[in-house]
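Student: Hi, I'd like to go through this structure with you. Can we take it topic by topic?
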Amino acid sequence: MLQQVAPPVALLQENLDANENISTVHFLSAYGTICEFLNLLGMVFQFVTRDVSDKMNILQTHLDQHGESHATLQGAVMHEVKAGTTNVKGPPKSASRTLLRLNRALGFISEFLHQVLDSDESAAPSHLAGNAYDKTLSKHHAFMVRQSVRVALYAMPSRPDLLHKLVGSDALNEADHASLSSVVATLQGVHDTLDALFTKQSLNSLK
C-alpha cells in the first residue's frame, strides 16, 4: 500500500509554492489515498476516516464553486475569513470548519505513522495508535467517543500484519523506511502549516 500512498503525498510536497501554500487538489488526492490504507487497519481508524469522504466532498464543492480563490487551502480559509463565513453550517458547510477537522485527523495519522517508524519490533500497533490518539484527537472527542476508541484499539492488527498491509512484508527494509519517512515528514509539515494558520486566524474553536 505504501507504493500507492507515497506518490500522491510526494506530489503534495512538490506542489507547495514558495510560501508553502498547499494545493487543494493534491491535498484531497493524498488524503483520500491515505484513508484507503487506514481503512484496512480496523475500527479505531474508522473513527477517524468515516466522515472524511463527506468532508473531502465539501472541500471539492468549494473548489468547484470558487475556483482560483480556493486553489490552495490557505486561500480557501482566507477567503472565508474576509467574507466572515468561516463557521457557516451549510450547505455546503464552511471550508474552514471542514478543513480544521480534517487537519486534526491528519495530526493523528502522521503521529501514528511517526511512531510506527520510531518504535522497535516489540511495540504493538494498538499501543502506538493509543499514544497517537492521546496526543492528538482525544482532546477533541467526548467521553463516549474516547471510550469507544479504547475498545476499538483491541481490533488493531499485529505489527507484522500492519507492515504486511503497508509494504507487503513483516518488516521495513531500507527503501520502505526512507519512503515512509518522506510521507510522514510531508504530512507533519502540512499539518503544522495548517495548524499555524488556524491559530493565527483564531479558528481552532470553530464548532
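Student: Which helix supplies the largest share of the lining of the largest pocket?
Tutor: Helix α6 does, with four residues. Keep in mind that this is a predicted model.

Student: Which other helices supply at least two residues of that lining?
Tutor: Besides α6, they are α3 (43–49) and α4 (52–66).

Student: What volume does the largest pocket have?
Tutor: About 370 Å³. It is lined by 15 residues, and the closest to the pocket's centre are Phe47, Asp51, Lys55, Arg101 and His141.

Student: New topic: cavities. How many of 30 Å³ or more does the structure hold?
Tutor: Three. The largest cavity has a volume of about 50 Å³.

Student: Which residues line the largest cavity?
Tutor: Leu2, Val5, Ile34, Phe37, Leu113, Leu166, Leu180, Val183 and Leu187. The elements that give two or more residues to this lining are α1 (2–14), α2 and α10 (174–200).

Student: Which element gives the most to it?
Tutor: Helix α10, with three residues.

Student: Leu187 is on your cavity list. What is it in contact with, leaving aside neighbours within four places in sequence?
Tutor: Leu187 is in contact with Val9, Ile34, Leu106, Ile109, Ser110 and Leu113. Leu187 also turns up in the largest nonpolar core.

Student: Okay, the core. Which of its residues touch the most other members?
Tutor: The core has 57 residues, and the ones that touch the most other members are Phe27, Tyr31, Leu99, Ile109, Phe112, Leu187 and Leu194.

Student: And which helix gives the most to this core?
Tutor: Helix α6, with 12 residues. That helix gives the largest share of the pocket lining too.

Student: Let's do rings. How many aromatic pairs does a search of the whole structure find?
Tutor: Two. One of them is Phe27 with Tyr31. Their centres are 5.4 Å apart, the planes are at 65°, and the pair is edge-to-face.

Student: Where do Phe27 and Tyr31 sit in the chain?
Tutor: They are in helix α2 (residues 24–38). They are four residues apart, so about one helical turn separates them.

Student: What about the rings of Phe108 and Tyr133?
Tutor: Their centres are 6.3 Å apart and their planes are at 90°, so this pair is edge-to-face. It links distant parts of the chain: Phe108 is in helix α6 and Tyr133 in helix α7, 25 residues apart. Both Phe108 and Tyr133 are buried.

Student: Now charges. How many salt bridges does a search of the whole structure find?
Tutor: Two. Side chains of opposite charge can pair when their charged atoms come close.

Student: Which residue meets Glu111 in a salt bridge?
Tutor: Lys135, with 3.2 Å from N to O. The pair links distant parts of the chain, 24 residues apart: Glu111 is in helix α6 (residues 95–118) and Lys135 in helix α7 (residues 125–135).

Student: Is Glu111 buried or exposed?
Tutor: Glu111 is buried, with a relative accessible area of 12%. Lys135 is exposed, at 54%.

Student: And what does Asp134 meet?
Tutor: The side chain of Asp134 meets that of Arg150 in a salt bridge, at 2.3 Å from N to O. This pair also links distant parts of the chain: Asp134 is in helix α7 and Arg150 in helix α8 (residues 143–153), 16 residues apart.

Student: How accessible are those two?
Tutor: Asp134 is partly exposed, with a relative accessible area of 43%. Arg150 is partly exposed as well, at 30%.

Student: Last one. Where does Leu128 lie?
Tutor: In helix α7. Leu128 counts as buried because its relative accessibility is 4%.

Student: What is Leu128 in contact with, leaving aside neighbours within four places in sequence?
Tutor: Phe112, Gln115, Val116, Ser119, Ala123 and Arg159. Take Gln115: it is 13 residues from Leu128 in sequence, and their C-alpha atoms are 6.2 Å apart in space.

Definitions and conventions:
Residues numbered from 1 in each chain as written. Predicted model: local features only at pLDDT ≥ 70, side-chain atom pairs only at ≥ 80, totals over all residues. Heavy atoms only, no water. Salt bridge = Lys/Arg side-chain N within 4 Å of Asp/Glu carboxyl O. Buried < 20%, exposed > 50% of the residue type's maximum accessible area, 1.4 Å probe, protein only. Phe/Tyr/Trp six-rings, centres within 6.5 Å; stacked < 30°, edge-to-face > 60°. Core = buried A, V, L, I, M, F, W, Y, C linked by side-chain atoms within 4.5 Å. Contact = heavy atoms within 4.5 Å. 1 Å grid on protein atoms, 1.4 Å probe; cavity = no way out; pocket = protein on both sides within 12 Å on 5 of 7 lines; lining within 4 Å. Points joined across faces, edges and corners; volume = space filled by probe spheres on them.
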